[in-house]
Amino acid sequence: MSAITFNVQDVVFWAAYVPCDSQHKDAVQLTLEQIDVIRRLTEQYHPRLTLCTSSEDIKSAHKQQQMCSLIGVEGGHSLADSLAVLRTLYHMVIKEMNRIGMIVDLSHVSVHTMHDALEVSKAPVIFSHSSAHALCNSTRNVPDDTLRKLALNRGVIMVNFYSLFLTCREVSTIADAVELIGTGKWTVDDLKKLAGLNFLRVFQEVEKIRDEFRRANVPPYEEVITPRPKDNNCTSQLV
């Protein structure tokens, strides 16, 4: 906590991540336990840390000089479905996330899924920890054509400072990070957006889309995902 406080951050994204080998076993339970740990950690360090689930929460915490804890679930296996099924039904998943006001995070996904999600989502999306593929050709990074689609979507990409994704070298510098972000003419307003207002704008637009769905009385998307054969996994099936 002292290191985080020293950096004077306003928001921390905690990743509720569980191993891929938990898929079709206990991924959901482990994910819920990770979320519980994040919540208890936030409570332990309250009021320095506070749980934020809306854009208004973030603005309120900033005024109170508190640091927001935001929770992200990392990995399709946490949904208890195979990635093949998720790829088949991603339209339903993205639409439901839009409906309930959940931010779509495309870090870690394939380029094909990036494009498909950007086509489907009515709300802006984010890449919470990705870098530019043109500068470092890691499969974890985002190609230029996808970045252009992201701009049309009004989404945000947050640069991953891990060396192998930033420069494809073992060691990177602050100068490398600055070069990736851009060295053009920055106004004070530009710097404010870079420091967090762009993400806050995305959050507010996600909530706006959610509210539009509510006013239109859009029901939950309840398409049934066909379960795998019972002998292929450790999950129960109710018939």
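**Exercise 1. State how many of the residues of the protein chain count as buried, as a percentage, and describe the chain as a whole.**

Solution. Of the 239 residues in the protein chain, 36% count as buried, and it should be kept in mind from the start that the model is predicted. The next step is the surface: the chain exposes about 14800 Å², of which carbon and sulfur atoms supply 56%. Turning to secondary structure, the protein chain has ten helices and five strands. Finally, when contacts between residues at least 6 apart in sequence are considered, 62% of them join residues at least 24 apart.

**Exercise 2. Work out the strand order of the open sheet formed by three strands, and explain why one side of E1 and of E2 is left without a neighbour.**

Solution. The order is E1-E3-E2, and the pairing is parallel. Strand E1 (11-17) and strand E2 (49-51) stand at the edges and each has a single partner strand, so one side of each lacks a neighbour in the sheet. From one strand to the next, the twist averages 40°. The pairing of E2 with strand E3 (residues 67-74) rests on three bridges, and Leu49 has Met67 as its bridge partner in E3. To complete the picture, helix H2 (residues 27-44) lies across E1, E2 and E3 and runs at about 150° to E1.

**Exercise 3. Identify the buried residues of helix H3, and decide where around the helix they fall.**

Solution. Within helix H3 (residues 55-63), the buried residues are Ser55, Ile58 and Ala61. Viewed down the axis of H3, these residues fall within an arc of 125°, and they therefore line one face of the helix. The cover over them includes E1, E2, E3 and helix H10 (188-215). After H3 comes Gln65, which has a positive phi near 60°.

**Exercise 4. Describe the largest nonpolar core and find which element gives the most to it.**

Solution. The largest nonpolar core has 17 residues, and those with the most contacts inside it are Cys52, Ile58, Leu70, Ile103, Ile126, Phe199 and Phe203. At least two residues of this core come from each of H3, E3, strand E5 (156-159) and H10, with H10 giving the most, namely seven residues. Cys52 can then be followed in detail: setting aside neighbours within four places in sequence, Cys52 is in contact with Asp57, Ile58, Ala61, Cys68, Ser69 and Leu70. As a general background to both, nonpolar side chains in soluble globular proteins tend to be buried together.

**Exercise 5. Determine how the side chains of E5 are arranged, and how E5 pairs with strand E4.**

Solution. Strand E4 (residues 126-130) pairs with E5 in the parallel sense, over three bridges. Within this pairing, Phe127 has Ile157 as its bridge partner in E5.

**Exercise 6. Decide why Arg210 counts as buried, and list what Arg210 touches.**

Solution. Arg210 lies in helix H10. Its relative accessibility is 18%, and the cut-off for buried is under 20%, so Arg210 counts as buried. Not counting residues up to four places away in sequence, Arg210 touches Asn98, Arg99, Ile100 and Gly101.

Notes
Residues numbered from 1 in each chain as written. Predicted model: local features only at pLDDT ≥ 70, side-chain atom pairs only at ≥ 80, totals over all residues. Heavy atoms only, no water. Pairing = 2+ DSSP bridges. Helix = DSSP H or I, 4+ residues; strand = E, 2+ residues; numbered from the N terminus. Axes fitted to C-alpha atoms, helices over the stretch in contact; angles between N-to-C directions. Contact = heavy atoms within 4.5 Å. Buried < 20%, exposed > 50% of the residue type's maximum accessible area, 1.4 Å probe, protein only. Arc of directions from axis to C-beta. Areas by Shrake-Rupley, 256 points an atom, 1.4 Å probe, with all protein chains shown as cover. Core = buried A, V, L, I, M, F, W, Y, C linked by side-chain atoms within 4.5 Å.
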